[in-house]
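Visitor: Could you walk me through this one? I have not seen it before.
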Amino acid sequence: MSDTAESFHGHAHHAAPVPEGVTVRHDWSLAEVKALYQLPLLDLVHKSQTVHRQVFVENKVQLCSLLSIKTGGCPEDCAYCPQAARYKTGVKAEKLMAVPDVLAAASQARQAGATRFCMGAAWREVKDGPQFDSVLEMVKGVRALGMEACATLGMLSDSQAKRLREAGLSAYNHNLDTSPEHYGDIISTRTYDDRLKTLDRVRDAGISVCCGGIIGMGESVEDRCNLLRTLANQEVHPESVPINALVPVEGTPLAEQHRVETVDMVRTIATARLLMPQSMVRLSAGRMQMNEEAQLLCMMAGANSLFFGEKLLTTGNPEYTQDMALLEKAGIRPLEPRQGR
């Protein structure tokens, strides 16, 4: 194994080096992905853990903090989202947070151990003007704290992606959510192609791509596998792949969906790890509904990043002290915050 692989610290805006014996592919067939996903669970986890430990030698977990900098009032109709203005979910539309308040939250997250600070705004797309200028100042401030800065702001133009990169943005989150075939049942206000174009703009600007999906939205196993296949067959794999379990929210069209079973979450994470061995796989929404053993099984399957803090945008998340206690009991060390940019 190379020195670069041994010294890699897992910061997601640089893909992990590929050690000898691990193959990175971009030509997966749906049948191949399904064959992996449907392996006996212990065989699948063994395969994914083997690849994971070959690539991420230190086996540390990155802690990420996510702040909703502009909550509610979104014009989109994403069936899972309580921030959509058209659904009565109790989420009120709020103004964009002030830059000092966001940076104070980022500083607090860093002190708690976060190495990445993500800022989410409930916008369909970014509009040039004072609000976007404020976001650029937030990005600069987060980077000055020695953290990775991530944003999820909706669709971007080429010039906006370039300005975010110039401000120091480490990563841009723009999930595909589900398979191309199931997408129309979940969202009608933005096309799958719109999402792919935004990812292209992010990549062309030199920003790391954070892109994953949500399981438990009524999709089939084939849909789930096709989402992973779409991610893995991109010309460059997303450096970060968040795997979310749907958190049903009263007032949304998916309010009555059953909770995702742990085995399904583990299978999805393990398959993502095998398809995209260099990527950080993030255990994201839905952790509050998982017990400690389920979360550890997800980490064993290849998840090496957690979102922590009281809220994940507008839904609950395990408390910080619980997360730290879990990692300590399991002997899992978090990645250390970086010093400087």
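Guide: One term before we start: two strands pair if DSSP finds at least two bridges between them. Keep in mind too that this is a predicted model.

Visitor: Okay. How many bridges join strand S8 to S9?
Guide: Two bridges join S8, residues 280–283, to S9, and the strands run parallel. Within that pairing, leucine 283 has leucine 306 in S9 as its bridge partner.

Visitor: And S1 and S9, in what sense do they pair?
Guide: S1 and S9 pair in the parallel sense, over four bridges. Glutamine 62 stands opposite serine 305 in S9.

Visitor: Which way do the residues of S9 point?
Guide: Ser305 and Phe307 point one way from S9, residues 305–308, while Leu306 and Phe308 point the other way. In a regular strand, side chains alternate between the two faces of the sheet.

Visitor: Are those S9 residues buried or exposed?
Guide: All of them are buried, on both sides of the strand.

Visitor: What about strand S3, how many of its residues are buried?
Guide: Four of the five residues of S3, residues 148–152, are buried, and the strand is mostly covered. S3 pairs in the parallel sense with S2, residues 116–121, over five bridges. Phenylalanine 117 stands opposite alanine 149 in S3.

Visitor: Let's switch to helices. How far does H8 reach from its first C-alpha to its last?
Guide: H8 covers residues 192–204, 13 residues, and reaches 19 Å, close to the 18 Å expected at 1.5 Å a residue.

Visitor: Which of its residues are buried?
Guide: In H8 the buried ones are Tyr192, Arg195, Thr198, Leu199 and Val202. Seen down the axis of H8, they fall within an arc of 125 degrees, so they line one face of the helix.

Visitor: Why does aspartate 177 count as buried?
Guide: Its relative accessibility is 2%, and buried means under 20%.

Visitor: How many aromatic pairs does a search of the whole structure find?
Guide: The search finds one. The rings of tyrosine 183 and tyrosine 192 have centres 5.1 Å apart and planes at 80 degrees, so the pair is edge-to-face. Tyrosine 183 is buried at a relative accessible area of 4%, and tyrosine 192 is buried at 11%.

Visitor: What does arginine 25 lie over?
Guide: Arginine 25 lies over the face of tryptophan 28, at 4.0 Å from the ring centre.

Visitor: Back to helices. Which residues are buried in H3?
Guide: Leu44, Val45, Ser48, Gln49, Val51, His52 and Val55 are buried in H3. They cover an arc of only 165 degrees around the axis, which puts them on the same side of H3. On the other side, Leu42 and His46 are exposed.

Visitor: And what does valine 22 touch?
Guide: Valine 22 touches Val51, Gln54, Val55 and Pro277, not counting residues up to four places away in sequence. Valine 22 sits in the loop between H1 (3–7) and H2 (30–37), and it is buried, with a relative accessible area of 11%.

Technical notes. Residues are numbered from 1 along each chain as its sequence is written. This is a predicted model: local features need pLDDT of at least 70, side-chain atom pairs count only at pLDDT 80 or more; totals for chains, interfaces and linings use all residues. Side-chain values use heavy atoms; hydrogens and water are left out. Rings of Phe, Tyr and Trp (its six-membered ring) pair if their centres lie within 6.5 Å; planes under 30 degrees apart count as stacked, over 60 as edge-to-face and the rest as tilted. Buried means under 20% relative accessible area, exposed over 50%, partly exposed in between (1.4 Å probe, protein chains only). A charge sits over a ring if NZ of Lys or CZ of Arg is within 6 Å of the ring centre and within 35 degrees of the ring normal. The expected span of a helix is 1.5 Å times one less than its number of residues. The arc is that of the directions from the helix axis to the C-beta atoms. Contact means heavy atoms within 4.5 Å.
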